[in-house]
Amino acid sequence: MSPTSASGANCSASFDGCAEDHLGCNGYLAYMGDSSQSWASTPAVRASMRANRSRDTRPELLLRRELHAKGYRYRVASRPLPDLRRTADLVFSRAKVAVFVDGCFWHGCPIHHRLAKRNREYWEQKVQRNRRRDSEVDARLAEAGWLSVRIWEHEDVASAALRVSQAVDSRRRAVRSTSPQN
Ligand SMILES: [Zn+2]
């Protein structure tokens, strides 16, 4: 199920109708769809870029809905560590799992990130900064005994939810085995 299929352009026109259930058809397709001019120059793309930076994006909502339906409960858009100035999209406090849904453009997805035609250096540096910060955040979390799970917005929602639930389950088992009173 490749989200790079030629039919992808149709997805951005009617995202709700995307048959393949990708987490974030809207973001990267709007970005990729307009090759004739600078992709940041259309209002639709700018809106999509804004959407990808804020909370409650469509990919996050789909993932949350899927996990909620499976019975998982989590905090939304909160800080896993009080002294870490970074919110995770989903936080499982007891299991110490932080989930980040990363936008394909902003976080430099190896499949969908394409170099911008205009202001290439500017965008490249921005994405590099994001990637550096992502790995710093992951390292900080690991030091504090947390697991960071990163989901690309293009991932299939069911497999993304499975990845998260498996991580949470195994961490819960680990917590139980070290503290039997819980
Ligand atoms: Zn991607």
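This is a predicted model: local features need pLDDT of at least 70, side-chain atom pairs count only at pLDDT 80 or more; totals for chains, interfaces and linings use all residues.
Helices α4 and α6 (residues 157-178) pack at about 60°, their axes 9 Å apart. Residues are numbered from 1 along each chain as its sequence is written.

**The helix pair**
- α4 and α6 cross in the right-handed sense (the near helix is turned clockwise from the far one by less than a right angle).
- On the α4 side, the contact (C-beta atoms, placed from the backbone, within 7 Å) uses Leu62, Leu63, Glu66 and Leu67.
- α6 brings Val157, Ala158, Ala160, Ala161, Val164 and Ser165 to that contact.
- By type, the residues of this contact split into eight nonpolar, one polar and one charged.

**The sheet**
- Four strands (DSSP E runs of at least two residues) make an open, mixed sheet in the order β1-β2-β3-β4.
- β1 (75-78) and β4 (147-152) sit at the edges, each pairing on one side only.
- Neighbouring strands are turned by 30° against each other on average, direction ignored.
- β3 (residues 97-102) runs parallel to β4, and the two pair over six bridges (DSSP needs at least two bridges for a pair).
- Phe100 stands opposite Arg150 in β4.
- Helix α4 (residues 58-69) lies across β1, β2 (88-92), β3 and β4, at about 140° to β3.

**Confidence**
- The chain's average pLDDT (the predictor's confidence in each residue, from 0 to 100) is 77, and 68% of the residues score at least 70.
- Residues 1-22 stay under 50, with 25 contacts beyond four places in sequence in the model.
- Residues 25-41 are also below 50, and this stretch has 44 contacts beyond near neighbours in sequence.

Definitions and conventions. Axes are lines fitted to C-alpha atoms, for helices over the stretch in contact, and angles run from 0 to 180 degrees between N-to-C directions. Two residues are in contact if their C-beta atoms, placed from the backbone, lie within 7 Å. Ala, Val, Leu, Ile, Met, Phe, Trp, Tyr, Cys and Pro count as nonpolar, Asp, Glu, Lys and Arg as charged, and the others, Gly among them, as polar.
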